[in-house]
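This report walks through selected side-chain interactions in one protein model. Please keep the sequence and the coordinates open while reading.

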Amino acid sequence: MDRRHFLQAGITLGALAAAGSARADAETLRRFHAALARDKSLAVYADLAGEQSGTAVVKGRLPRDLQGSFYRNGPGRFELGGERYHHWFDGDGFAQRWTIAGGKVAHHGRFVETRRFLDESQAGQFLYPAFGTHVARRGVRDNDTMNAANTNLLPFAGRLYALWEGGSATEMDPDSLATVGIKTWREDIQAMPFSAHPKLDPEGGMWNFGAMPGANRLALYRIGADGALQRTAIVEVPQLALVHDFVVSAKHLIFVVPPYDLSADRGRSLAERHIWAGGGAEGGPQARPTRIVVVSKDTLAVRQVFELPPQMVFHFGNAWEDGACTRFDLVLHQGDALAGLGGLMLGERQPNTSGHSQAVQVCLDYASGKATSTRLLGASEFPRVMPQVVGQRHRRLALLGCDRANRELVLDTVHLVDTDSGKADSYRFEAGWQVEEHVLVPRRHARLETDGYLVGVAQDTRKGITALTVFDAGHVSDGPLAVASLSYRTAHCFHGNFASS
């Protein structure tokens, strides 16, 4: 891929940035704090003051063979200068490290010091566009001007990266979590979109992509186990808007493109400019389908495009080749799930609507051109598999779920689903707990996908504390082997990864 082609492709997010006055506002701030006074559980969407460190109190028994660092990342600053962001995805990244060693658990968290974070901290107000909030007090130089570094924290090739999806990875010190700076894989792709959901294969390499809404392009990256960029490509995808995640098999990269149109109104945020084109709950004659774009690894070109009924997708599990077909799992949401998240910043919870989402396994039949799906679990999110089966046949899928008895959509249950039988080994937390993504960590020399641990973080909103939780992956319903509780609340994170020591 030549330098000019990549630079031309990479300007799109800056071009999409809003122009005009600010719309982060004091009214959003007032309404949220009024709601928080009535409902303390909304503190998971509240601001953090700054750096945190502490030692957890462990209840239960930490496995002796579980040693290492559990890295997490999520938005931690939503308010500045008397104003509050409009969307959960806008907050500045707050990176965290949970260290498990010698039967003890220590926690450390600090903000990722991006250009945006430092400039706005000095100014005492929001300056730059955010995904869901229209702000334009200062000009945008490139995609990294807006980089929030708030979505994932990835240990890779001996380094640690805070990831966003609209710009570069931000390197951090794996021990202190001090910000090292922007990672440039190669000079001609500086500030290009680099998603927060790279896939690490069993050989130690990385596949990733960057979505360019409005330009109808996906940038593709192959990075070797040594951290060197090996291959790049640009793929044309018509009517491309939000693509948050993808999945890889032995032969393919698979992208699911939900049906959004992108408004030309530059007086709105990028999230507000995503106009749902999938119709209502039943679709409709004017509804556009959800597309599955399959890219061949060997050519980095589109092999085939499939269609599903109009649905939204954020996250995937895993993919593998099944003879002449490819199978993969993901969580599908009915309707415009993106817009439904905006009310959280006002202190408005999402209702727990029956059928709101479901985890499914999709089969792509290349001969017929048909995509079919099989239900795995109801309302759920954050699918993960054991790292050693990425791109290969798997039989266990970790998911978070929401109990049907809940009036509001609060993730409170961890599941390990058998993808062959559909049976789930599950544990529901007590009332008042809100659960983050849990990841699967294999034991050394593990052969089975249940031979390891399910490790995650949860918040007890009644006590205002955060805890690390460890389950035996073969016996999730027995409850956690250990719960390591802090004396304080920390940021509610989106994604992270475990690095064994």
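## Basis and terms

A residue is called buried when its relative accessible area is under 20%, exposed when it is over 50%, and partly exposed in between, with a 1.4 Å probe and protein chains only. The model is predicted, so local features need pLDDT of at least 70 and side-chain atom pairs count only at pLDDT 80 or more, whereas totals for chains, interfaces and linings use all residues. Residues are numbered from 1 along each chain as its sequence is written, and side-chain values use heavy atoms, with hydrogens and water left out.

## Salt bridges

With a salt bridge taken as a side-chain nitrogen of Lys or Arg within 4 Å of a carboxyl oxygen of Asp or Glu, a search of the whole structure finds 28 of them. One of these joins Glu171 to Arg159, with the closest N and O atoms 2.8 Å apart; the pair links distant parts of the chain, since Glu171 is in strand β10 and Arg159 in strand β9, twelve residues apart. Strands here are DSSP runs (E, at least two residues), numbered from the N terminus. Glu171 is buried at 13% relative accessible area, while Arg159 is partly exposed at 44%.

A second salt bridge connects Arg222 and Asp201, whose closest N and O atoms are 2.7 Å apart; Arg222 belongs to strand β14 (residues 217-223) and Asp201 to the loop between β12 (199-200) and β13 (206-212), 21 residues apart. Arg222 is buried, at 14%, and Asp201 is buried, at 13%. Asp460 and Arg462 form another salt bridge, with a closest N and O separation of 3.1 Å; Asp460 is buried at 2%, whereas Arg462 is exposed at 52%. Salt bridges that share partners also join Asp65, Arg443, Asp451 and Asp472 into one network.

## Aromatic rings

Rings of Phe, Tyr and Trp (its six-membered ring) pair if their centres lie within 6.5 Å, and planes under 30 degrees apart count as stacked, over 60 as edge-to-face and the rest as tilted. The whole structure holds 23 aromatic pairs. Among them is the edge-to-face pair of Tyr260 and Trp276, at 5.1 Å centre to centre and 75 degrees between the planes. Because Tyr260 lies in strand β18 (residues 260-262) and Trp276 in strand β19 (residues 274-276), this pair ties together parts that are 16 residues apart in sequence. Tyr260 is buried at 1% relative accessibility, and Trp276 is buried at 17%. Ring pairs also link Tyr45, Trp88, Phe89, Phe131, Phe314 and Phe494 into a cluster.

## Two buried loop residues

Tyr488 is in the loop between β33 (482-485) and β34 (495-500), and counts as buried at 18% relative accessibility. Its side chain makes a polar contact of 2.8 Å with that of His107, a polar contact being a pair of N or O atoms within 3.5 Å; within protein, one must be able to donate a hydrogen and the other to accept it, and residues adjacent in sequence count only if both atoms are side-chain atoms.

Ser168 is in the loop between β9 (159-163) and β10 (170-172), and is buried at 4% relative accessibility. The side chain of Ser168 makes a polar contact of 2.7 Å with the side chain of Asp144, and a polar atom of the Ser168 side chain lies 3.4 Å from the backbone nitrogen of Ala191.

Conventions:
Helices (H or I, at least four residues) and strands (E, at least two) are DSSP runs, numbered from the N terminus.
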